[in-house]
Amino acid sequence: MRLVIRQDDLKGIIKMTERSAVEVCGFLFGRREGNDFIVEEIRFIPNRLNSPTAFEMEPLEMVGAIDGAEERGLGVVGIFHSHLKCPPGPSGRDLEGMMLWPVVWLIVDDRGNYGAYVLGGDKIREVEVKIV
Ligand SMILES: [Zn+2]
């Protein structure tokens, strides 16, 4: 299983992370091809918690973004968010989110590190990120 993402998209998420005092979050829209999750679009969603240590996507914006992507033939392949001053691995809170949203979770930090994860059963697995 791989997450395939354009360098500009990944850089865009990291740049927003560096500029933001709170966690940034949003969707990775795209399609699945075999074992590859191919990101065609990234979409930032406001973090309604406005917190440097947690995020919750604004629900109305979530729905609007998903509807818009579906109209363009794209689905949710992943969710991204940032960690500030802590490594890009899933927190306990993220694990709960992963149970609700069983897609690829891309986490970046404010130093340019990143990792992608999926939940398999109750275990977190790291997913290869292929930058194109
Ligand atoms: Zn997190």
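**Close-up views of salt bridges and a zinc site**

**View 1. Glu41 and Arg72 join in a salt bridge, with their closest N and O atoms 2.7 Å apart.** Because Glu41 belongs to strand E3 while Arg72 sits in the loop between helix H2 (59–71) and strand E4 (75–83), this pair ties together parts that are 31 residues apart in sequence. Glu41 is partly exposed, its relative accessible area being 23%. As you explore this and the other views, keep in mind that the model is predicted.

**View 2. Arg6 meets Glu40 in a salt bridge, at 3.2 Å from N to O.** Here, too, distant parts of the chain are linked: Arg6 is in the loop between strand E1 (2–5) and helix H1 (7–19), Glu40 is in strand E3 (residues 36–45), and the two are 34 residues apart. Glu40 is partly exposed, with a relative accessible area of 25%.

**View 3. Arg6 also forms a salt bridge with Asp9, whose closest atoms, N to O, are 3.4 Å apart.** Asp9 is buried, at 13% relative accessible area, whereas Arg6 is partly exposed, at 36%. The structure holds nine salt bridges.

**View 4. A zinc ion is held by protein donors from His81, His83 and Asp94.** Along the sequence, the donor residues follow the spacing H-x1-H-x10-D. The angles among the four donor atoms run from 55 to 159°, and the site is irregular. Both His81 and His83 are buried.

Key:
Residues are numbered from 1 along each chain as its sequence is written. This is a predicted model: local features need pLDDT of at least 70, side-chain atom pairs count only at pLDDT 80 or more; totals for chains, interfaces and linings use all residues. Side-chain values use heavy atoms; hydrogens and water are left out. Donors are N, O and S atoms within 2.8 Å of the metal (3.2 Å for Na, K and Ca); water is not among the atoms, so sites may look incomplete. Four donors count as tetrahedral if all angles lie between 85 and 135 degrees; four count as square planar and six as octahedral if opposite donors are over 155 degrees apart and all others between 65 and 115; anything else is irregular. Buried means under 20% relative accessible area, exposed over 50%, partly exposed in between (1.4 Å probe, protein chains only). A salt bridge is a side-chain nitrogen of Lys or Arg within 4 Å of a carboxyl oxygen of Asp or Glu. Helices (H or I, at least four residues) and strands (E, at least two) are DSSP runs, numbered from the N terminus.
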